[in-house]
Amino acid sequence: SALRCSLQFLGNIAAGNRDSQNSIWKCAFPDLFLTCLTYSDEKIVAYCCMVLFTCLSSEKVRELLDPGNLTVALCVLKVYKDQLESEWSFLIVTDHLLKCPELVKALYAKLSNQERVTLLELIMAKVSENNPVTSEEMNVFVRHADFLAGCFQEKCEAVLKLTSAADADEEEALVTIRLLDVLCEMTSNNTQLEHLQTLPGLLETAIDTLRLTHLAGKQAVNIFTATHAMTGQEEISHPAVGFKSHLIRLIGNLCYKNRENQDKVYELDGIPLILDNCSIDDNNPFVNQWAVYAIRNLTEQNERNQELIAQVEEKGLADNSALESMGLEIEKRDDKLILRSVRKKP
């Protein structure tokens, strides 16, 4: 009780008082914070997080980069993972730690796969906020985007391990799945999108991974095999559910109003691959809608891509009903195939 009260008192006198914050930091960092963050009593841990949050500033966050002090940040993340009701640990990460890209990189390298998933979920929460951001904050997001795109490109094939039911270790694959989720969210923001569209290798990696997972699903029955077997009452809880949908979403985002990426997908033979994923698939909710979106972005003001889709359909390689569901139809004009939009009847 005395320790609880003492921490509450420190939190109260630190609130809005820079001198008190600096004094507490000088006396408590890092040893006292580490002692309380790893305490067996949940209230002491929560009150310690409150004091830490109140005392932190951008300068103090940089002190956490020191190898000896990084343990404090690691402990905060562990507190959030183990005690999800701890609002203070959530705020420490989202309001302070994520503002330092170097710290995020250093943390990521030290984390287990489970903890990486937790960190990525916190980044997702921050990226998903609709609050207006300053240019400095946007620069931070762009640096996060660079780092996470690199991690995704490095580890994307880990998801293919999920084709084997005998492989019980899903954690590495789950990290890749969460990386993709964050990149999809980041490419939904115009400023981050423009930066990610120019990153070397990201679009190619997304297409290659889609091709590999699509092929894996055709070669054997697994989570990447398209299925319509669900009755509506069942729910698939496999971690890779929606993975192909999100790959197509990312490809579609990266091609939005970007001629260079539209042409890159053409050259990598990605358009027939996306068309082949237009059917309803219970393992990939909304895959049809994301494919429609991707085709729309691939064909906007791009006649070559339009002609390719028209040729694929005429040869019978694409499902005509899929094109119809996209509001598209093929028309012949002067021996030339034209892909045109059709207004759907109400």
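Visitor: In which helix does Gln192 lie?

Guide: Helices are DSSP runs of H or I with at least four residues, numbered from the N terminus. Gln192 belongs to helix α12 (residues 190-197). The model is predicted, so local features need pLDDT of at least 70 and side-chain atom pairs pLDDT 80 or more, while totals for chains, interfaces and linings use all residues. Residues are numbered from 1 along each chain as its sequence is written, and side-chain values use heavy atoms, without hydrogens and water.

Visitor: Is Gln192 buried or exposed?

Guide: Buried means under 20% relative accessible area, exposed over 50%, and partly exposed in between (1.4 Å probe, protein chains only). Gln192 counts as buried because its relative accessibility is 2%. Contact means heavy atoms within 4.5 Å; leaving aside neighbours within four places in sequence, Gln192 touches Val127, Met138, Phe141 and Met186.

Visitor: Which residues of α12 are buried, and where do they lie around the axis?

Guide: An arc is taken over the directions from the helix axis to the C-beta atoms. In α12, Gln192, Leu193, Leu196 and Gln197 are buried. They lie on the same side of α12 because their arc covers only 135° around the axis. The face turned away from that buried side carries the exposed residues Asn190 and Glu194.

Visitor: Against which helices do the buried residues of α12 pack?

Guide: Their partners are α9 (113-127), α10 (135-155), α11 (171-186), α13 (202-219), α14 and α15 (259-267).

Definitions and conventions
Helix = DSSP H or I, 4+ residues; strand = E, 2+ residues; numbered from the N terminus.
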